[in-house]
Each structure stands twice: as structure tokens, then as C-alpha cells.
Amino acid sequence: MATVVTKAVEEPKKTVKRDTLRAIEKKVQQLWENEHVFEVNAPTIEEEPDDSILHEKYPKYMGTFPYPYMNGRLHLGHLFTITKLEFGTGYERMKGKRALFPLGFHCTGMPIKACADKLSREIKQFGPEFKIPDQDDLEEGVKDLELNDDNAIKSQDPSGAATKVSNKKGKIAAKSTGQKYQFQIMQSMDVPFNEIAKFSDSNHWLYYFPPLAIWQMRKLKVLNKVKFGERYTIYSPFDGQPCMDHDRQSGEGVGPQEYTGIKLQVIEWSEEAQNTLGSVKELENKNIYLIAATMRPETMYGQTNCYVGTGLNYGLYKINETDVFLCTYRSARNMAFQGYTSERGVVHQIAEVKGAALIGTKVRPPLSKYDQVYVLPMENVITTKGTGVVTSVPSDSPDDYITLQDLKKKSAYYKIDPSWAAFDPIPIIDTPTYGNLAAPTVCQQKKINSQKDRVQLTEAKEIVYKEGFYNGVMLIGDFKGKPVQEAKPLVRDLLISNGQGFLYSEPEGLVMSRSGDECVVALCDQWYLDYGEEEWRKQAENCLEKMNTYGNETRHQFEQTLAWLNKWACARSYGLGSKLPWDPQYLVESLSDSTIYMAYYTVAHLLHGGALDGSKPGPLGINASELTDQVWDYIFCDGPFPATSSITQEKLDKLKREFKYFYPLDLRVSGKDLIPNHLTFFIYNHVAIFPEHLWPRGVRSNGHLQINGEKMSKSRGNFMIVAESVEKYGADATRVTLADAGDSIEDANFEESTANAAILRLFTLKEWCEEQVKNQNNLRTGPTDNFNDRMFENEINKLIQQTDQAYKDTFYRDALKYGFYELQTARDWYREATVVEGMHRDLILRWIEVQALLLSPIAPHWSEYIWHEVLSKKGFIIDASFPKPLSPVDESLLEAGEYVRKIIKSIRDLEIASQKKKKKGKAEDFDPNKPKTLKIFVATSFPEWQDIVVEAIKQNFNEDTKSFDDIKIRENLSEKGILKNKKTMPFVQEFKKRVEKFGTAAFNRALLFNEYDTLVTSKEYLQRSLRYSNVEVLRGDEAKEEEEKRAIEVAVPGDPGFLFKNIVDN
């Protein structure tokens, strides 16, 4: 499938290097497959019968990745997350563990069903051969095949408001591939054309992409974690069932928002409303209510009016034989599914009226001291939140207060009678900070004068609401004297019991089902998992506390989710999935059937005989029907031996050994978007079902993957599936680029230029390794005790340590940095530094081996080739041990190496600076391109004034707070009389930065190495690298001439002085 990327990188005209690497990859993969190298089992009971020492004797590692929905091929975003575990599994294997990374695929839920249904509609239109008509008919066909077009009509607001489903943006739109039909998408996934029609049967997907069985629902029911009852849930009217996160085209993470519906009874219509509605027979002798939705029922004592949007259309909806509600269609639709209409789910609209016609209508506000108030206009009323009717409490709502003030000032402009707005705010809540009229007070403080001051009004709203809720006390009403937090639910209950209010919920934001339906909040009888139940939540929090989350951001997101997550619908009536065992009219919801399946991975290889649907028994000869609840209890939960089972104890013990060896799960990796649902459910279900010693040990989450710095999506044209990337760059170059993409919870970036560079680097390095091994007899032998040899070996040892730590922390970009890029930089330096004497054979062969080993988890094919074909090592590199330093790391040698590299850069920078001065006529006539000499002057001590500065900073540095007392530092320096020195303060600032970086170690300025000896040893290297005819290294007291003395004046230990000149011909 072709991909056009936004920031295109041209395909190389010649692909020999890539093709060579890909050929190696295929050859290595065949070797691995032949030897079954990635198949790992637990030690048998015969190998080690004692479970208590099993893991100590045979350490293990198990990690998993959430199996993806197979409604499409895996893309680079999937692979990016997978590599976080794949790299780690390779590393842990090299650390001597039996490392298991199993992966299945998810074929339950709505994504598959939606694809199958769409394909069915296309077969009806085009036939099973999918004969496409001409372009005009094709475009018309697309319209006809809009997802559930008849449902779009059902969801259409009769008032004309823009709610048509086909206009909504979401996952379906975002995943547009340019193909307009499902059968074309299937073709792009490489599904054979003659097979496509079979996928209109959703069950066929289960065989093409087979599912994995699960078991835990009955267990959860027995544990009283699954309950039944009415609850508010996001619901798809078209599908006729709850619409959970993974059933959604858009709106993942959106839940129900609860309001109190306020019934403002119409006392007298405005003249215009009377003209519009007075003749409607169905409204005669009815109680008509404007319905407002509020999250602050305790403020209803302060109502002075209510607002509508003048440009909005409002419907009058029949609720029962006596009552009619006036609100937006969207809110009426939600109410219909919450049991407020005579026929559940049916919206009966009697009439429609423009908001402008309602202005001046007289209504009765429940609980207010004003018996009757007026409907007034407001500029910012919307149809997508609430009911379109806003009850006004100007004492405690900045928006209400400012709007009322606008109306009072400009009554003629807003076309209202001034008396309609002549109601003063009512003090209802007393706050310690803003008094008893918080909204007017804050608006005055912020100088808000208009409804158009949206930013300031948003800030004011947050201030007033928080102050009122947390610190406010009721001044009037039935609960006078009570804190607002206590009064809030009491007032709500009072309104409901009096028939003046009701509970109303709606989605927090737009939610579209995969069937193309705009979802509502419905009050449903349903099976739900009782997440949030106090004891269960405490268990989950205990698990999280002990778990490694590889970053505080992930931990914080888990903590936030556990704080709000509660009852979760776990059953559906439509889609694909396992039937609910005790109520088979329902299917298990797809996020509820995917929480402990990773336990099944441990035994699947013994139960399946090549068919994942269970139709063929595996090596143990056990049939699916024999796997009773009692059997699973014995295997997974240390339950009693199932005496009535037809399975022998020997076989069950084999299954139990596999599970108990690999569990608990060491790591679960996932994108951060699964923390609020799947990953938290994963924790909840594990703590409910398994004993504490089998709870998961770690979860690592990552951000989404961008391509070339832009969000990856098919609609942007920069979407890339895994197979495509492997075809374009090869497996190892893709893996290197993914490792380089980033490791944090923030979004990462796959740079195609990095992938192309990886091809070149891997190929060039392969050739260099081959050449060195082939010609190894030409390399130097003998002792490895000269400065360059020792420094090279020391850097290898240091980089092994750094790479090891990076892999351990799952920081794969750092592992690549130390174990690939910097390791090659060390090699490059050594090669350059030993041009005269030559590289040492043992060190080069050691370097090649270390490079292959350090890179093996990230680029295993390349490393396997080097290990097997180039170094002629026995066995596979993936089974080799992670390298260890051959000797302790010598920090002084490392510092000496960095010092030499810094010297080269310093001299080059000085040469460049001299040429810039030369152009301005301010420098001597020095030409770096002509023959030249260099003198390096080494200082043996620091200037006295620097020692004074260092001591002053040391005396005024607080190690606990990592802070400096700058006032006292200046006082100390002033007393010593060195503030007049222009160099003092810049040195103070520079040295403070050094302290911030290195801590108190910075105060010890003694070098770890002998500066003079290091420079003398490196003379030839410096001379060659900088192209000097001669380099002299001198101590400070050897400076005789005036220009030499000037050079030594600026020198300090670790930062020598330089004097370079052109050679003058005599």
C-alpha cells in the first residue's frame, strides 16, 4: 500500500544497502524459525520440583502488549509501543532470564462488527464481485452507504440544528485512506479479493484473525464484583446498547455528566410566543416548563430570571399527559432515554419556537424569593451542552451577573422591557474571601464589563465556583447555616421530592458510535463491574503503590483514574464477543473481556494444536470442554484439585507450573490513552482474582507516534503500516528509528531521515566489521597499555555500564545513544588517534563483539549476522550474555579523554575567532591553512581571585535546598576587594552553574588526571588532527617571551593557554 508522507524524504535511487540488510534479516529470521529460538517454557517439575527456589534458580521475565483490534493491519504506532517491550524482552533474555513476550489479537467488540456490517451493505449495492460503477454513481453510492444513514435521520434535530451524523468528525473520518468502501480497505490490507465477501459475516473474522478465550467473568460474579441495576451510561440508540470506549468512532474517555433539571413553569407567554404557540391544541391545559440544567442546585434560591439564546430553535416535547418540556432537541433526546417520556426512547415534539419569541415570557423559579421572573436573552447559550435554557443566579454566577448588567444598561438594544431585568441579586452564600455576593465582587475586581470578555469570565467562574463550594455557607433557605458541600445534595433531593426538579445526564462531550450514531446518556438496567467500590479500590491502589510505572506522569494518571472511575457496564447485546455465562442474551463488553487474558498466554501453547479457536487439542490432549471453572481455579488461583475432572493431575500440574513460573506479569506496555480504561481495569481485575504475590509488577505507558513531526493519520497522508515500513527501510532500520523516537509519555517522532541514516550506518558498519575481521592479522598485537589503548578500552567499559542502565530503565533512546552512537564515536577517536602505531587487534575484536551485543535488543538481525557470520561465534547472539566491563571504569582516564577532545575544539574555535578579527583588522596575520606551530601552556594552579570566589560560593551554598545566598556572596567578595575585577561576576555565574550540575563535587577543582602528561602523550594526535607542523607542551614557568606570558595568564588547570603562529620561511 503506497504512503505519501507530509514531509517527504526521497527514495534512494539505489537501494543496494537496504536490500543487503533486508536479505540478512530474512536469512536470520529463517535461522531463528528453524531453531524455535523464541519459544520459551518454564522449567519442568522434573528439572526443579521445589517452587520456593524456582525463580531464584531460573529467573524469568514476562511482558505483554494489549492485543490490537484486527479490523486493520498494525501500523507504526502499534509497533512503537510494542518495541518498548520487545527491546526489553531481548535485554532481559541477555541478562540470563527466560523471557516471554506472547502476543494475540482482539476480535471482539464493535470495530469488527462495524466493518462486517459496512461490507454487507456494499455487497447489497455492488454484488459479491464489488463491481464499481462510474465515478458519478460512485460518489452517489458513497452517500447511500454513509454509516447507518437511516440512523442519521433518527438523530436529526427536527428544529434544523446541525446534528446530522454524516457531518461529524471522528475516528472514521480520521482514518480515511482514500478508499471509499470497506472492500477497498480490505484490499489495501492485502486480503485476497476472492476472500473479501466472506468478511461480511462477522464470525469469519474470528477465523481469519482468531480470538483468545477468557474465563474470569464467572469468577468476578462469584466475588460480587459484577452487579445488576439501573445506572446512567453512554448509549447508542441505533445499536440499542451501551457504547463503551472501544465501541466509539469518537469521544473515547467521555462519560455521563450529571445535572439537576430545573422546572421553570410558564405563567404567561410573551406576546410573540403566544402568537406562535397559542393555537397549538396539544398545549392546551398542559403544565409547560422551561427546563434548565444546573450543576449547582444549592444556588436556586437566588434565581432572578432565566436566559435563552435568541437564535436557537427550541422544541416543546410531550413528557406525559399533563406535562410539556421546553428545551433543545438534543437534551430532549437524552431525557427520553432516561425514562422521563411516556414511551422510553421516543421524542414526541409538539411544536417549535425561536428563542427570540420567548423573551418576556413569565416563569416561576423553584425556591427563589421571587415568585415570578422573566425570560431574557443571552449571547453565549449553546445547544451542545445543557438544555439551551439557563437559569440565572447573578449573585454566584459571573456570566449571569454580567449578562444581567448588560441588559439593564442596554435594554433598548436588547429589545426588552427594563422592568424584566429589574431584579437585584440575592445573597444566598457567604464566602470568607468574596462576601455574600461573590460574582459581582469578582467581576468588579477583574474589571469585567461585558458578556464578550470570555477569558476573564472563565477565570472568574472558576474562582467563584471553587470558593463557594469549598468555603461557602448557606445564608437562606431550608439548609441555612450548612456548608455548601453538605447543602448541595440536600437541595437537589428537595427539588426532586417537590416535583420541581429531576436528575438529568448527558455525555460530557460529543460521542459517536462506530455505527455512526450520536450517543446519549441512558438509564439502563445492565450488568456492570463495581469499579470504585471502596475495598476493591483500596486493593487497586495498593497494587499501584508497589508497581513500577517507569515515570511519575503514568503514576499520576493512574491515581486520577482510580479517584473517579466507578461502575462500568460490562455487557452488550450487539457485536462480537463471549456470551455472558449467566445471562447469554448479552455479550461481554470488549474492555471487560481483555483484562487477565495474559495469564492464559502462559498455558496456551499446551492447549492449542495449531487452531486458536480450540477445535484442535494441543500437546496435552485436553479438549476445550474439559476446562471447567474448577480447573482454572486450580491452575490460576491455587484452588483445590478438581477431583471430578477428566484431566489427570500430571497434566494440570504442568499447566500450573507454566502459569506459576511466568506469573506475575513483570511489565505491561501500552499507549497512555489506555490508562483511563483498559490498564486500570487490568489492575482491578488482577487484584480481585489473583493472590497478592501474583499482582502485576509494572506498567509502562508511552505517547503517540508522529511521523516527521506531524500527527500520523490516513487523512494527512502520512500513515504507515508496519509491513510498509519494513519494505521501505528494513526491520532493523525501522527498529533503530523507533528506539530513537523517544521514551517519555509525551508524543514521540519517527523521522524518516533517521531511518534512511540508519540504513547507511548499519550497512557501513557491517562492511567495516567484515574488513577488520578479515584483515585482523594486519592489526597491531602485543601489550595494550599505551594511553590510547587504555582510554579506548576504558570508554568501552563505561559505555557498557551506561547502556546496561539505559536498558534497565527502559530508556531505549539512551541505550541507542550509548550503545551505538557513542560507542562508534569512541571507535572513530581510537582509529584517528592510532594512525601511526595502528589499532590493536584484541581491542578491535572486543569492540565489534561489544557493539553486536549492545545493539542486539534493538537491531537483532544485524547483530546476529555480525555474531554468527563475521565473528564466527557459536549459538545465537540473542542467547548470549549481556557484556560486562573487563575492568573497573577509570574515571580519570575518561576525564583525560574528554579533555583531549575539548582541547581540539578550543583550538579550532580560537582559529575561527582569529580569522573573524583578522577581517576587522584587529588580529595578527595568521592563516590556519598555511604551515603553523602550536604551543600549549599548562597551568599548575588557579588564580588567587578564583580561589576566593570558589570559597565564597562554598560558604554560602545550602546543600539541602541547592540554593545560594547571593547577597552574602557579594558581601564576601566585596570584603576581599575583588568585585572590581571584571572577570569576577561572570566567573561567579559560571561556577554556580557547575555547582548546580555536579553538586558539592564541583568545589574540588583538582583534576583526576595529569594534564601535562596527557597532552604530551596526545601531541601526535593533536598535531595530526589540527594539521600543525609542530606542537609543544610547556609548563607555565617555561613561558619566557611576552606573548607566551600573555598565553599563560589566561590558563588554569584543565583549561590551558594557546599560542599559534605561522611558520616563517627564512
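Angles under 35 degrees count as roughly parallel, over 145 as roughly antiparallel, 65 to 115 as roughly perpendicular, and the rest as oblique.

## What you are looking at

This is a predicted model, in which local features need pLDDT of at least 70 and side-chain atom pairs count only at pLDDT 80 or more, while totals for chains, interfaces and linings use all residues. Residues are numbered from 1 along each chain as its sequence is written, and side-chain values use heavy atoms, with hydrogens and water left out.

## Two crossing helix pairs

Let's start with helices. Helices (H or I, at least four residues) and strands (E, at least two) are DSSP runs, numbered from the N terminus. An axis is a line fitted to C-alpha atoms, for helices over the stretch in contact, and angles run from 0 to 180 degrees between N-to-C directions. Contact means heavy atoms within 4.5 Å.

Take helix α18 (residues 534-546) and helix α23 (residues 675-689): their axes are 9 Å apart and the helices pack at an angle of about 105°. The two are therefore roughly perpendicular to each other. On the α18 side, the contact uses Trp536, Arg537, Gln539, Ala540 and Cys543, and α23 brings Ile683, Tyr684, Asn685, Val687 and Ala688. Sorted by class, that contact has 7 nonpolar, 2 polar and 1 charged. Here Ala, Val, Leu, Ile, Met, Phe, Trp, Tyr, Cys and Pro count as nonpolar, Asp, Glu, Lys and Arg as charged, and the others, Gly among them, as polar.

Now for another pair. The axes of helix α14 (residues 398-409) and helix α15 (residues 438-445) come within 8 Å and cross at roughly 75°. That makes α14 roughly perpendicular to α15. Pro398, Tyr401 and Ile402 of α14 meet Ala439, Pro440, Cys443 and Gln444 of α15. The contact of α14 with α15 has 6 nonpolar residues, 1 polar residue and no charged ones.

## Two open sheets

Next come the strands, which pair if DSSP finds at least two bridges between them. Strand β25 (residues 705-707) runs parallel to β27, and 3 bridges join them. Within this sheet, Ile707 stands opposite Phe750 in β27.

Another open sheet has 4 strands in the order β4-β3-β19-β20, with antiparallel pairing. Its edges are β4 (241-242) and β20 (568-569), each with a single partner strand, so one side of each has no neighbour in the sheet. Strand β19 (residues 520-529) and β20 run antiparallel and are joined by 2 bridges. Leu529 has Trp568 in β20 as its bridge partner.

Rolling a probe the size of a water molecule over the atoms shows where empty space is left. On a 1 Å grid over the protein atoms alone, a cavity is a set of points where a 1.4 Å probe fits but cannot get out, and a pocket is an open set with protein on both sides within 12 Å along at least five of seven lines; lining residues have an atom within 4 Å of a point. Grid points are joined across faces, edges and corners, and a volume is the space filled by probe spheres set on the points.

How many cavities of 30 Å³ or more are there? The count comes to 2. The largest cavity holds about 50 Å³ of space, and its lining is Ile24, Lys27, Val28, Leu31, Glu864, Tyr865, His868 and Glu869. The elements giving two or more residues to that lining are α1 (16-35) and α30 (860-870). The second largest cavity has about 30 Å³ and is lined by Leu21, Ile24, Glu25, Asp732, Leu762, His861 and Trp862. The largest share of that lining, 3 residues, comes from α1.

Of its 48 lining residues, Lys902, Val1052, Gly1054, Asp1055 and Pro1056 are the closest to its centre. Which element gives the most to the lining of the second largest pocket? That is α31, with 9 residues. By class, the lining of this pocket divides into 25 nonpolar, 7 polar and 16 charged residues.
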